[in-house]
Amino acid sequence: MATITATRDGVRQAAGQPVRRRPDRGFGTAGGHVVRTVLALFFGLPILFMLVSSLKPDDQIFADLSSPRAFLPVGDISLANYAEVFRTVPAWRFLANSIGISALTVVLGVLINSLAAFALTRMRWRGRGLVLTLIIATLVVPFETFALPLLWWANKLPWLVVQDGRPLWTFGWLDSYQVQIIPFVANAFSIYLYYSYLSTIPKELDEAARIDGANWFRIYRSIILPLAGPATATVAILTFLNAWNQFLWPLMSVQSEDLRPVMVGVQYFFQLDVAWGPMMAYATLITIPVLVLFLSFQRAFIGSIASSGVKG
Amino acid sequence: MSSPIAISSSAGKPGAGGSLRRARRAEARTARAFVTPAVVLLITFFFVPALLGFVLSLTNARLVSPQGPQFVGLDNFTRLFADPLFWKSLRNTVYFGLVVVPLQSGFALVLALLINARIRGINAYRAVYFVPVVTSIVVVSILWTFMYQRDGLVNHMLQAVSFNLVQGTDWLNDPATAMPAIIFMSIWQAVGFHMVIWLAGLQTIPGDLYEAAELDGAGRWQKFRYVTWPGLRATRSFILVTITIAALSLFSQIKIMTNGGPLYSTSTLVFQSVRAGYEQQQTAYASAISLVFFVLVLTVSLVQRFLTRDKD
């Protein structure tokens, strides 16, 4: 129990929340400040360069490279690169696709994975151990090892569509929205995160609710899910980042421009003569949603990553 | 643990044996219904394609083909092991892993130690170090492709800080520098992620251990060697495994920045499997490459697990 408490403190501290213990002050010196500042420039300047360059015409970007002006929004500043982006690629469509795909993956993922973890932690049934083992086994296998067989397999899967008011079976998921969403809904790591969190909620809560006549789904929905807020935040953030950043899979599985997500859209900018200004504008455009989310929920983001690491 | 809901300590049990058994059966039924969506999805989109990888690698399956796959024995592997591009890709993958794993985990630990001080503004530093992590690797790749141009930002900065002594090269178009440039960028992007995980690990080490070490006259290095390092054992093996798997799965950077070139000096196993399985539609050959990749990941993970095992 002591180790679990210590671990939670670690997550809390990594997320910037206060912990009673006093951390090692070893690097709180002036030299430490210099090193930290240099590192902040190292990590921050390239991103700043991207934001600033997206506002400048190409000739000015190159003219500014040899001076600190490269990182400053000075000179001929305009949104012309952004106008160019929307003129050359269907950027709104890509953004709308990515927002829709990410939102659906997050919502379905939170529901399905928390429900599975609920059954695995709080209910008694035969086969529980087997299912748990299978889920844990999937954790160590990277997606890239079965992406190509999955591509072949997805091309064979059935899907029900309605044509002329009548249901009709079609085969092959390639080039669709569902191929970008459904394979990523059930996630062993999300189940694992919920599993760890739900294990810390006392069982007496369910038992009391059972006596009061609540059914299992009601216990899940009204008691456990509301108490699992931090786990939901972690799962939602990690699922969102994953879905928004998808590149390899939609690159292979989606051909229609109308269905493509934002990351695959970068390909358009490499095809013709490379115009760096518009490319930086597109890069900024598809980064801003995530950056805004990160800066608004910084603690939750960093806390999610930290809690993803504290398994034994 | 405080909880908003009153906890009933006496667990309620239904009275008669028959109704107890009925309740148990109903509980098991409900639990299986709850895990079914997740289990069905994991079977369809993980287990089936993973097993298909083994099966298809022994056939002549193509992504789109009027005929079904036919059994061809080990032909794909014979062809693979005779393919110089395969050996080149394998070597590049291992090279990337061997450099990235120690450098990135070490650098991340240094960052975590620097951030683990209770001083003002520490959250801002941490956020800046973390910004590249929330930026998609696709965006980072196009940004750095721009910065790595012959007349790009990197070379201008090198000239500025070395007073024109260092003349940069065309980083991504030189077989000698393309891979090191991608390695540098990859570490820049991902190191913040592992910094946060190290930080969570550092916070689990009790402060009294440091006080005790100070009382015994331990210096900063001795405190690190005898308190911090042993205290990070669980975190260490987690970081090692996750960095290794991520490093060996190298794909997006290659696809965007060099497309495997120049002279295949940046082709990797995943890159080669995508080229075979998607661009050339040779699902069977791609499955064989994926299988070799899987064996590589599994072997490295098992060796690492063995080396970092609990020796007590």
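Is B:Glu214 buried, partly exposed or exposed, and what is its relative accessibility? In this predicted model, in which local features need pLDDT of at least 70, side-chain atom pairs count only at pLDDT 80 or more, and totals for chains, interfaces and linings use all residues, B:Glu214 counts as partly exposed at 43% relative accessibility, where buried means under 20% relative accessible area, exposed over 50% and partly exposed in between (1.4 Å probe, protein chains only). Residues are numbered from 1 along each chain as its sequence is written, chains are lettered from A and ligands numbered from 1 in the order in which they are written, and side-chain values use heavy atoms, with hydrogens and water left out.

B:Glu214 forms a salt bridge with B:Lys223, the closest N and O atoms being 3.1 Å apart, the term denoting a side-chain nitrogen of Lys or Arg within 4 Å of a carboxyl oxygen of Asp or Glu. B:Lys223, in turn, counts as buried at 13% relative accessibility. Over all chains the count comes to seven salt bridges by this rule. In chain A, the side chains of A:Asp64 and A:Arg69 meet in a salt bridge with an N to O distance of 3.1 Å; A:Asp64 is buried at 5% relative accessibility, whereas A:Arg69 is partly exposed at 37%. These two residues and A:Lys56 are linked in a network of salt bridges. A salt bridge also joins A:Glu84 to A:Arg87, again with the closest N and O atoms 3.1 Å apart. Because A:Glu84 and A:Arg87 are three residues apart in helix α4 (residues 80-88) of chain A, they are separated by about one helical turn. A:Glu84 counts as partly exposed, with 28% relative accessibility, and A:Arg87 as exposed, with 62%.

Chain A has 16 helices and two strands, taken as DSSP runs numbered from the N terminus (helices H or I, at least four residues; strands E, at least two). Among contacts (heavy atoms within 4.5 Å) in chain A between residues at least 6 apart in sequence, 66% join residues at least 24 apart. A:Tyr194, found in helix α9 (residues 188-198) of chain A, is buried with a relative accessible area of 1%. Leaving aside neighbours within four places in sequence, the residues in contact with A:Tyr194 include A:Val110, A:Asn113, A:Ala228 and A:Val235. A:Tyr194 and A:Val110 are 84 residues apart in sequence, while their C-alpha atoms are 9.3 Å apart in space.

Between the two chains, 113 residues of chain A are in contact with 108 residues of chain B. The area buried between chain A and chain B, that is, the accessible area (1.4 Å probe) that two parts lose on being put together, summed over both, is about 10200 Å², with 77% given by carbon and sulfur atoms. A:Arg36, A:Phe43 and A:Trp152 supply 8% of the area that chain A buries against chain B, more than any other three residues. Helix α2 (residues 30-53) of chain A gives the most to the side of chain A that touches chain B, with 13 residues. Across this interface of chain A and chain B the rule finds zero salt bridges.
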